[in-house]
Amino acid sequence: MKIWSLVLILSSSLVWGGAEESQKVTVISLDAVGTGETSISLPIYDCVGRCSQDKAWTISVPKRVLKTTKEEVEKDFLNSEFDYIKQIGDTLLFEIKERSFSGVVEKRESIFREPISGEVFKSAILNYINRDGFKNPTKKLLIDSLSTKVSGNLKLDQSARTRVLNRTYLLVPYLEKLEGEFYIIGSRKDGGYKLELKLNTILRVSLFKYDTARGFLHFGDFVGESFEIDDSDTFSYVYGINYFDSEFQEIPKKRDGEELLKENVSKSFGKAYKNALLKIRDLEDFKVFQQVEDIEGRVAYFTSSENIAIDTPLYFYNNEKEYLGWGKIYDKDRNSSTYETKLLSADEVAPETFISPYDWSGYLFGIELRKYYSSVTYFGYDYFDIDGTTLALTGKADIANFLDWKIVSEFWITASLYTGFETVSGTAIGYLLDADFEYLYGYEIGLEYRYYLFSPLYFTAGGDFGSRYSKYKIFFFNQVYKNNLGGEHYGDGYLINISHYLRPKAGVGYSFSPNLELFGEVGYTLPMFQSNSIQNSGGYELNIGTISTSEFELKDYLSFSFGFLFHYDYLNE
């Protein structure tokens with residue numbers, strides 16, 4: 001197992017004396033990397049035959065790759081989420097608002113460069129950051145840069161400096177587990193081979209909070225994971241076709257495994273590290289707070305130097321940071337950075353109430369149950385009636401939140417995949433006798449607009465385009481076929497109906513929170529284009545001279561549905 005460690009210092013800010021300041025957490029990253037072992041032993045499964053374990057390769061841990069991965073994660077994630085300070089050698093460098101600040105800190109101990117256990121490494125880090133050679137230059141750097149994060153008149157007194165230090169955090173990632181498996185797979189196409197590697201990574205991040213009287217103290221532990229190995233993986237290739245263009249014409253060697261490990265360790269470590277950082281970012285102490293500046297009815301106004309997209313939900317808190325309710329941004333002045341927010345469930349909001357933007361992805365997913373009644377006609381006469389029920393997986397995307405345009409506020413793209421069951425009943429028409437249901441599935445994609453009544457209750461209107469594919473077993477009387485005794489032939493087959501339709505719809509919903517909604521809907525399905533065919537039990541199309549497939553028609557119908565929607569934050573996945 002390998003141990004890789006990274007140290008971060010996080011310092012978040014407050015609102016003081018009426019001055020507005022950036023609420024971004026400040027992150028200081030030490031370039032310390034620690035290892036528990038210098039190499040890792042990975043078993044090899046020979047999947048040219050039965051995927052049996054053959055041997056193992058012992059490979060050195062790629063330290064340079066881990067350092068590069070750490071820097072890439074910080075550049076992509078930390079630099080966008082926080083005010084980012086990085087260490088280069090013995091220098092801490094902070095670039096903010098076109099200004100640069102730097103500080104020289106004490107050299108790190110050589111113990112950080114050697115294999116070391118997690119607990120010993122944590123203890124060494126705690127000792128290092130509490131030394132005056134690190135603590136004092138860091139404190140000075142934070143205080144010197146404070147003026148770049150505030151607007152208005154702010155007196156940098158001793159009280160303000162104390163608040164900065166008491167909201168300073170230290171972050172130590174530690175790789176709890178790194179395990180993997182190599183697979184050598186033979187190709188049936190050209191007789192060559194390919195090499196695959198799957199890794200499991202568990203990263204524990206210990207968080208420390210600074211106290212002016214006692215220094216850095218342990219605050220909590222957070223786990224980041226990246227899993228690729230499954231119990232079924234070892235034998236998954238036995239049943240595969242294994243028909244591919246080979247990467248190797250000879251059986252892969254250890255040096256090939258080393259190159260593959262470098263690539264996969266980077267991906268696995270990076271995913272686990274970011275997963276842990278996301279959990280820490282969502283802590284209550286790290287939330288971004290602005291203050292309400294004015295209230296007009298059910299509309300709250302505030303300003304923020306950070307861009308917040310249209311339709312983003314906001315949480316409201318009182319001075320004791322107790323939750324009051326939530327609302328949604330529906331307009332903003334990009335010149336003055338003033339935002340207008342509809343209060344949906346917050347009743348005690350007043351000027352100076354605290355606001356925290358919700359981490360909103362703009363995606364909702366859920367399930368929808370639908371009920372409808374229709375019929376299938378033949379030459380305009382009812383052949384059988386339909387009593388149907390469908391169950392759908394539904395998704396919705398907030399257009400305004402993606403484009404950040406007020407003109408499309410609360411316009412949503414909707415999509416769903418459904419299947420269902422129908423009870424059919426009818427009477428014989430001509431040569432057609434009884435019918436029975438076999439299967440149904442379909443999809444819909446559409447657009448809807450929702451209107452909130454300054455409360456969690458909202459109304460929707462919109463429309464879908466959809467296609468449904470249904471199959472019915474039918475029994476028919478056909479004079480064309482005779483049996484050996486000269487009797488008339490009764491046959492059976494399957495009627496396949498494919499309908500493309502438009503569906504205007506309207507509904508009502510209730511948002512319990514940005515994460516959960518209940519909705520109901522009424523729609524009217526209007527088939528626009530239909531095609532039909534008759535098949536036998538083997539799936540072959542039948543040419544029945546006495547039955548005209550073009551005269552079958554699914555009639556338009558009214559439907560009623562209800563369901564749940566859940567917020568899905570793809571950014572955190």
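Over the face of which residue does Lys342 lie, and at what distance from the ring centre? In this predicted model, Lys342 lies over the face of Tyr330, at 5.5 Å from the ring centre. The charged end of Lys342 also sits over the ring of Phe454, 5.2 Å from the centre of that ring.

The protein chain contains 6 helices and 28 strands. Of its 573 residues, 49% are buried. Among contacts between residues at least 6 apart in sequence, 70% join residues at least 24 apart. The accessible surface of the chain is about 27300 Å², and carbon and sulfur atoms account for 52% of this area.

Aromatic pairs number 27 in the structure. One of them, formed by Phe302 and Tyr339, is stacked, with 5.2 Å centre to centre and 15 degrees between the planes. Phe302 belongs to strand β15 (residues 299-303) and Tyr339 to strand β18 (residues 338-343), so this pair ties together parts that are 37 residues apart in sequence. Phe302 and Tyr339 are both buried.

Phe437 and Tyr472 form an edge-to-face pair, with 6.2 Å centre to centre and 65 degrees between the planes. This pair links distant parts of the chain, as Phe437 is in strand β23 (residues 432-452) and Tyr472 is in strand β24 (residues 457-482), 35 residues apart. Phe437 has a relative accessible area of 10% and is therefore buried, the cut-off being under 20%. Tyr472 likewise counts as buried, at 1% relative accessibility. Both Phe437 and Tyr472 belong to one aromatic cluster, together with Tyr378, Phe379, Tyr383, Phe384, Phe421 and Phe552.

Terms used. Residues numbered from 1 in each chain as written. Predicted model: local features only at pLDDT ≥ 70, side-chain atom pairs only at ≥ 80, totals over all residues. Heavy atoms only, no water. Helix = DSSP H or I, 4+ residues; strand = E, 2+ residues; numbered from the N terminus. Buried < 20%, exposed > 50% of the residue type's maximum accessible area, 1.4 Å probe, protein only. Contact = heavy atoms within 4.5 Å. Areas by Shrake-Rupley, 256 points an atom, 1.4 Å probe, with all protein chains shown as cover. Phe/Tyr/Trp six-rings, centres within 6.5 Å; stacked < 30°, edge-to-face > 60°. Lys NZ or Arg CZ within 6 Å of the ring centre and 35° of its normal.
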